[in-house]
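Let's take a friendly walk through a protein fold. Have the sequence and the 3D view ready as you read.

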Amino acid sequence: MSSERNWNGEYDDSKKEETQKFIFKDTSPYPVVGVQEKNHLYGRMMLDNIGGSNSEMSAISLYVYNTLLLENHIELSKIFHKISIVEMHHLEIFGKIARLMGENPRLWTQRGNRMVYWSPAYNQYPMEMELLLKNALIGEEKAVQKYEEQCKVIKDDNIVACLKRIIKDEELHIEIFKELCRNYC
Ligand SMILES: [Fe+2]
């Protein structure tokens, strides 16, 4: 099949079952996005989930980079691509909540008394396979940690439901990267 062939004409058949066996998002539906009432602090937390250092934008950009970097490992490249799409959905959910809170959903976050735009410098970009996979794994673990902390603080059932649903996806990503680490590291 042409999809298993990179554009140097080389095949990478060894791991071609990988993308078929993984699921990239949890099977449960996403909650309807809503908020109980406007809350400035919660809005700013959502902005940080979009465009802070530990954020969906950081994950998306890293995975797009890894998708390109792994062009000779087609199946791994596809995995990063598919996970990046799930992270885009997360960004959209947080963006909708931020909008409902009256925020401007740019890729930025509050730092002190000013707004700071997201930067690609937030990411590390290891190119060696083991470090690349571990870097992705650590990012997912930090995301879960952050969202779990927010679930404890936020007293809005709608937002917490969204966070909990997103955590389920991130936990799947952790399992995927753990398995890839076992296979490739
Ligand atoms: Fe993720």
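Which residues in α3 meet which residues in α4? Among them, Glu56, Met57, Ala59 and Ile60 in α3 meet residues of α4 that include Ser77, Phe80, His81 and Ile83. Contact here means that the C-beta atoms of two residues, placed from the backbone, lie within 7 Å.

This is a predicted model, where local features need pLDDT of at least 70, side-chain atom pairs count only at pLDDT 80 or more, and totals for chains, interfaces and linings use all residues. Residues are numbered from 1 along each chain as its sequence is written.

**The α3 and α4 pair**
- The axes of α3 and α4 (residues 74-100) come within 8 Å and cross at roughly 160°.
- α3 and α4 are therefore roughly antiparallel (angles over 145 degrees) to each other.

**Helix α5**
- Helix α5 covers residues 129-153, 25 residues in total, and spans 37 Å from its first C-alpha to its last, close to the 36 Å expected at 1.5 Å a residue (1.5 Å times one less than the number of residues).
- Buried residues of α5 include Leu132, Leu133, Ala136 and Tyr147; buried means that 20 or more other C-beta atoms, placed from the backbone, lie within 10 Å of the residue's own.
- These buried residues of α5 pack against α3 (56-69) and α6 (157-184).

**The β1 and β2 hairpin**
- Strands β1 (residues 108-111) and β2 (residues 114-117) pair in the antiparallel sense over 4 bridges; pairing needs at least two bridges found by DSSP.
- The hairpin has 2 residues between its strands, and glycine 112 in the turn has a positive phi of about 65°.

Notes:
A residue is buried if 20 or more other C-beta atoms lie within 10 Å of its own, exposed if 12 or fewer, and partly exposed in between; C-beta atoms are placed from the backbone. Axes are lines fitted to C-alpha atoms, for helices over the stretch in contact, and angles run from 0 to 180 degrees between N-to-C directions. Angles under 35 degrees count as roughly parallel, over 145 as roughly antiparallel, 65 to 115 as roughly perpendicular and the rest as oblique.
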